[in-house]
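Please read this briefing with the sequence and the structure side by side.

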Amino acid sequence: MFKPAFTKNKWVLGICKVVVAMENFVSQSLELLQEERAAEIEETRAWQENVSVKELQQRGVCLIKLQVSSQRTGLYGRFLVSFEPRKFEASAALPSNNFSSGDIVGLYDSQGSTPLDQLASGIVTRITQNSITVAFDEPSDQLNFDISSSFKLLKLANDVTYKRLTRALKALSQYHAGPVSKLIDILFGTSEPSFPSEILKIPELYNPSLDDSQREAIHFALSQKEVAIIHGPPGTGKTTTIVEIILQAIKQGLKVLCCAPSNVAVDNLVERLAQFKTQILRLGHPARLLESIHRHSLDAILANSDNTQIVMDIRKDIDQAFAKLKKTQERGEKAHFRGEIKTLRKELRTREEAAIVQILKKASVVLATNTGASNDGPLKLLSDDYFDLVVIDECAQALEASCWIPLMKAPKCILAGDHKQLPPTIISHKTAANGLSLSLMERLIQRFGDQMVRMLTVQYRMHSSIMEWASKQMYCGRLTAHKTVAHHLLKDLPGVSLTEETKVPLLLIDTAGCGLLELDEEDEQSKGNSGEVQIVTLHIQALIEAGVRPQDIAVIAPYNLQVQLLRKELSKKYPELEIKSVDGFQGREKEAVILSLVRSNRTGEVGFLAEDRRINVAVTRARRHLMVVCDTRTVSTHLFLKSLVDYMTEHGETRTAFEYCDDIVSENYSRPAPRAEHRRAKDSSDARRNNGSSTSDRSAASLKTRKLTQNQPTQKLGCKMQVSNDSRSLKQKKDASPGTLHQPAKTANVKDNSEKLREQIMQFMEDITRTRFEFPSSLNSHDRLLVHQIAEEFGLEHFSIGESKDRFIVIAKSETQSPVDGQPVQTMLEVIQKASSPAPHIAEENERTVTEIEGPQDCTPSVSQSKVDLKALYLERMQREQAKREMAKPKQHSSTTASLKSKNKKHTEKGKVSTKEAAASNTDEDFDALIAETIKANSVCAFLKCKASILTLGQHCIHCNKHYCLSHHIPEVHGCGGSAKAHARKLISREGILYAGSGTKDHSLDPVRKAHLQRRLGKKIEQLASQRGAKKETTQKNFGEL
């Protein structure tokens, strides 16, 4: 008697644990979903109220200045409207955006953007680089579009999804007994999964080419009783494995419900299953489905079913009854027609539901999104225990709350995905940190480990060199490349020739030290890098010239602004080239992938590039070729990104941005522009004469890059050359400690090459007979990078000549280093040191040298100009001293020629001594004069040609960090108007406060004037009332007299 009681108590205790765990999960999830929904609504409200439509477009959630290009009826009665940019715009392509098929959008005219101004709402059915198509449920006669009008589309928050998630969680909390109870216990960790009682034998596979890991995963998934997890890294055939599992389950007579968080993932499964002639039913709005699978949708099957004609006849009868009801005036006839309409509607609903149930039960597998499987859709017509198996693909990208919608419909589930790729998209950082971004798949793997997980280990996408880094960093080194893809390259594609680019799987282009800094805009949330855009353009040009098709190339950037810059540069020339963000390429692949990391700054900030899974997705999209362009000095501040840089440096080819843009402005060095132009012209003619090939295309590309580089404010770099920076960075690269990947065994060789190249360059500098030195074309990419860095360190001019295998590096001495009249070579340090000499010709030389070395004086605000000002003051003082000495000479008189000669000899001898003594004695005076001049300069208004003192009354500008007098302290006056406006917009966007002058003019009446007008109005009303009363009394009196 005691044992059954103990067993009962243990069972009751287990039930209590499940209830507590479930209630905690439900309450926490509901709270987080409510916060996420509030953040989504607040973001939408802020967009519509505080943010301009142009900024919304830059963020990718709005498309403005659109015109209607076509209108038609399709998708089983929906009204389809296509929009494209207006023709008078500079670019006919859509800007970079986050719109995708299935998004809910609001349509507005050119003036409105508030909910009251919304003309209609629809669903995006198709989007290309040049147009976007939206499906509206409203009939065409209610939506009149003027072809000449301008419209805009704005992404809307989806309230339906939130309601379905909330309803599913509440249903989960109320579920206590039923066929899903055992599964709920396991998923909440209060019960262990059951082991199969017998070994399941699979008689025959539909796909006999499956590898061992896929076969093991299929056997494991079908033999488990409650739950199984398939972990599919990139390119391992996860979808192929899921399709085989579904087909085998159908063969066993199971009813399968297959779901995924996105319509794209569901449609991918539908296309795969359709190849095996299985009875498929796809639930969902036709506007969200691919055109190729419309025939499998519920709307299409209903339109072709046997009950279709009956349903259409009933709808006609209802329309006729409504028409008669409007015409009749008798109450009896109206009641008769109302009763007839009610009966017809009931019959219509019964007929439609019967047809839907018949279609649902006829299907072997039903496919829908997670939220599309809710009980407010067609599946409400089926019983709760109808399905035997639920399969959720891409489970790692789905909110756990959304997974519980299909999980409540079957006692067994199979989850598939990759928790090492992008997690669910969460707007609120707070809710993500509190656990909303943790997927069900990741939580179960943390709880059970390998007990219920099978990982696919053979990948069929990437070259082994591309795969190896992701395998070691993210998948514990378990991935292997299939022999069909392990060594495939771009040159193996039909029609592609062998070039330097098509024969390498990994290519790293380093922009460190080249001055290609990221765009720094105060009012810009996203980031861009125009220098990387030009490098990407040149690389794509090289790939396409080699025979690679544009549709086989993908350009990926983590920031929307960079995507927009890339599209502006490339979309017109290559319309078939895909340029998207990392999120837009999840689940996709291309033969060649070009990744622009954008970030390049002096503080080493990488932003959300620090998210490891995002970089993993970007890298693993490539099949045969991966090119990464980045500033290694910036991105290496993050360990995960540093491991990628180190791996590509070791196993791939490394190039510097100097090899793509010869005339790029270095971060620490700028050569004289006229001399550089002369040298380029001379070298181009020499290259054409020696190589027999034209370089006009490359020269044009270089010129274009140079123009863009000169236009970037971030590339107007330091005024003085800092020789030690590049050498220090080179030393840091050599001495860098090993990261998570093992360091190459070639470190000693690389060091030896560096010393050898440094010795050759030093011998060239010491040789006064040579002004130019050419390195052989046999240098590898790393040695070429070292040559550029060492030449930069010594202040030499360096550039590349030739193409492909014939490309070589040339270094040349600058004007200050060239021999003059047999004099020994002067180093840059010697030239700078001679600036302290009082001799007039040296002063002139110093003035010329400073101009050549320092380059343009328009420097970035982050670079201090105090040293340049001191040197300029010193040179001016030396010129004044020389002028005084020249004026003193004519005043000396002599009586005779002999005495004049003797005096001249004595004066000459004494002059040499006096000059030395003056130079020694005046050192302290010169220093004090410099300090005085500097203090005087800082006490005067910084506005051009303004000499007003600012010691007593002066204003400091926070934008340019200078002081101005009261006449010029306003930012718009001294040139900081743009920065001031950007700063104000940023404050308004962040704090939600309108400052003086930042909003529209208040047209409301002044309270005092309003009260005065009300008093006047009251007096006028009283006066009119008294007049009306007097008139009435007069009339009555006259009437009484009569």
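Predicted model: local features only at pLDDT ≥ 70, side-chain atom pairs only at ≥ 80, totals over all residues.

Residues are numbered from 1 along each chain as its sequence is written, and side-chain values use heavy atoms, with hydrogens and water left out. The chain has 32 helices and 26 strands, where helices (H or I, at least four residues) and strands (E, at least two) are DSSP runs numbered from the N terminus.

**The chain as a whole**

- Of the 1042 residues of the chain, 46% count as buried, a word that means under 20% relative accessible area, with exposed meaning over 50% and partly exposed lying in between (1.4 Å probe, protein chains only).
- The accessible surface of the chain comes to about 54900 Å², and carbon and sulfur atoms account for 53% of it; such areas come from the Shrake-Rupley method with a 1.4 Å probe, and for residues only the protein chains shown count as cover.
- Among contacts (heavy atoms within 4.5 Å) between residues at least 6 apart in sequence, 72% join residues at least 24 apart.

**Helix H11 and Glu-400**

- Because eight of the eight residues of H11 are buried, this helix is largely enclosed by the rest of the structure.
- The buried residues of H11 include Trp-404, Ile-405 and Leu-407, and Glu-400 also lies in this helix, which spans residues 400–407.
- Glu-400 counts as buried because its relative accessible area is 6%.
- Leaving aside residues up to four places away in sequence, Glu-400 touches Phe-25, Leu-438, Leu-440 and Arg-443.
- Glu-400 and Leu-165 are 235 residues apart along the chain, yet their C-alpha atoms are separated by 9.6 Å.

**Phe-145 in a loop**

- Phe-145 sits in the loop between strand S5 (132–136) and strand S6 (151–155), and this residue is buried because its relative accessible area is 12%.
- Not counting residues up to four places away in sequence, the residues that Phe-145 touches include Phe-79, Phe-83, Phe-136 and Phe-151, along with Val-68 and Leu-107.
- From C-alpha to C-alpha, Phe-145 and Ser-70 are 10.0 Å apart in space, although 75 residues separate them in sequence.

- In helix H17 (residues 612–619), six of the eight residues are buried, so that the helix is mostly covered.
- Those buried residues of H17 pack against helix H14 (464–474), strand S17 (553–557), strand S19 (590–596), strand S20 (622–630) and helix H19 (639–651).
- In helix H16 (residues 560–570), the buried residues include Leu-561, Val-563, Leu-566 and Leu-570, and the partners that the buried residues of H16 pack against include helix H2 (53–59), helix H15 (530–545) and strand S18 (578–581).

**A negative patch on the surface**

- Asp-313, Asp-317, Asp-319, Glu-340 and Glu-347 gather in a patch of negative charge on the surface.
- Helix H9 (308–327) and helix H10 (331–362) each supply at least two residues of this patch, and H9 gives the most, with three residues.
- Asp-317 belongs to helix H9 and counts as partly exposed because its relative accessibility is 34%.
- Patches are made of residues with over 30% relative accessible area and no salt bridge, with like charges joined within 9 Å and nonpolar side chains (Val, Leu, Ile, Met, Phe, Trp, Tyr) within 5 Å.
- A salt bridge is a side-chain nitrogen of Lys or Arg within 4 Å of a carboxyl oxygen of Asp or Glu.

Note on methods. Lys, Arg positive; Asp, Glu negative; His and termini not counted. Charge placed at Lys NZ, Arg CZ, Asp CG, Glu CD.
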